[in-house]
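This report describes the computed geometry of one protein chain. Please keep the sequence and the coordinates at hand while reading.

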Amino acid sequence: MITNDSSFQVSTDQTLLDIPMIYRFLSEQSTWAVGIARPVVERAIENSLCFGGYLDGRQIAFARVITDFATFANLVDVFVVPEHRGRGYGKQMIGVVMRHPSLQKLRRFTLATSDCHSLYERFGFTPPLRPETLMERYFPNIYLS
């Protein structure tokens with residue numbers, strides 16, 4: 001358990017994750033994974049470094065890192081439940097993610113965001129230095145089919 005202050009704590013212990021809450025948020029409230037199936041969420045969690053944010057023992061935040069722990073990481077599925085936003089919990093979560101010992105000295109750490117650029121800029125994220133070198137296969141509505 002990594003403690004940020006007396007009431008908000010962040011942990012990478014997957015046994016503490018509230019999978020039903022994470023699934024509900026991603027499948028119903030997120031802007032990037034609406035309609036995602038629970039087995040897909042569970043498989044993603046099993047194969048990632050996950051961070052749960054807990055307020056008085058109840059999970060209110062989540063972040064997931066896909067990584068090889070040596071050269072590359074991609075930060076995904078970051079959220080704070082709506083009723084707890086605006087209190088700095090997102091900043092605390094990202095701070096813990098960025099300080100995690102297994103995520104140090106990576107050559108590339110990426111993420112995609114549509115509306116939180118200023119949050120991630122505080123932690124050194126910038127637009128790609130050479131965007132012309134990046135490519136993707138992107139299927140935004142894959143979970144709706």
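Ile142 is located in the segment after helix H4 (117–121). Helices (H or I, at least four residues) and strands (E, at least two) are DSSP runs, numbered from the N terminus.

Together with Phe139 and Tyr143, Ile142 makes a nonpolar surface patch of about 290 Å². Patch members have over 30% relative accessible area and no salt bridge, and nonpolar side chains (Val, Leu, Ile, Met, Phe, Trp, Tyr) are joined within 5 Å. A salt bridge is a side-chain nitrogen of Lys or Arg within 4 Å of a carboxyl oxygen of Asp or Glu.

## Basis of the values

The model is predicted: local features need pLDDT of at least 70 and side-chain atom pairs count only at pLDDT 80 or more, while totals for chains, interfaces and linings use all residues. Residues are numbered from 1 along each chain as its sequence is written, and side-chain values use heavy atoms, leaving out hydrogens and water.

## Overall form

The chain has four helices and six strands, in the order β-β-α-α-β-β-β-α-β-α from the N terminus. Its radius of gyration is 15 Å, close to the 15 Å that the globule rule gives for 145 residues, so the chain is as compact as a globular protein of that length. The radius is taken over C-alpha atoms, and the rule is 2.2 Å times the number of residues to the power 0.38.

Of the 145 residues, 36% count as buried. The accessible surface of the chain is about 9100 Å², with 52% of it belonging to carbon and sulfur atoms; areas come from the Shrake-Rupley method with a 1.4 Å probe. Among contacts (heavy atoms within 4.5 Å) between residues at least 6 apart in sequence, 59% join residues at least 24 apart.

## Strand S5 and its partners

Strand S5 (residues 72–80) is largely enclosed by the rest of the structure, because seven of its nine residues are buried. S5 pairs with strand S4 (residues 58–67) in the antiparallel sense over six bridges; pairing requires at least two bridges found by DSSP. Val65 stands opposite Leu75 in S5. The hairpin of S4 and S5 has four residues between the strands, and Phe69 takes a positive phi near 65° there.

With strand S6 (residues 108–111), S5 pairs in the parallel sense over four bridges. Here Phe72 stands opposite Arg108 in S6.

Note on methods
Patch = residues over 30% accessible without salt bridge, like charges linked within 9 Å, V, L, I, M, F, W, Y side chains within 5 Å. Buried < 20%, exposed > 50% of the residue type's maximum accessible area, 1.4 Å probe, protein only.
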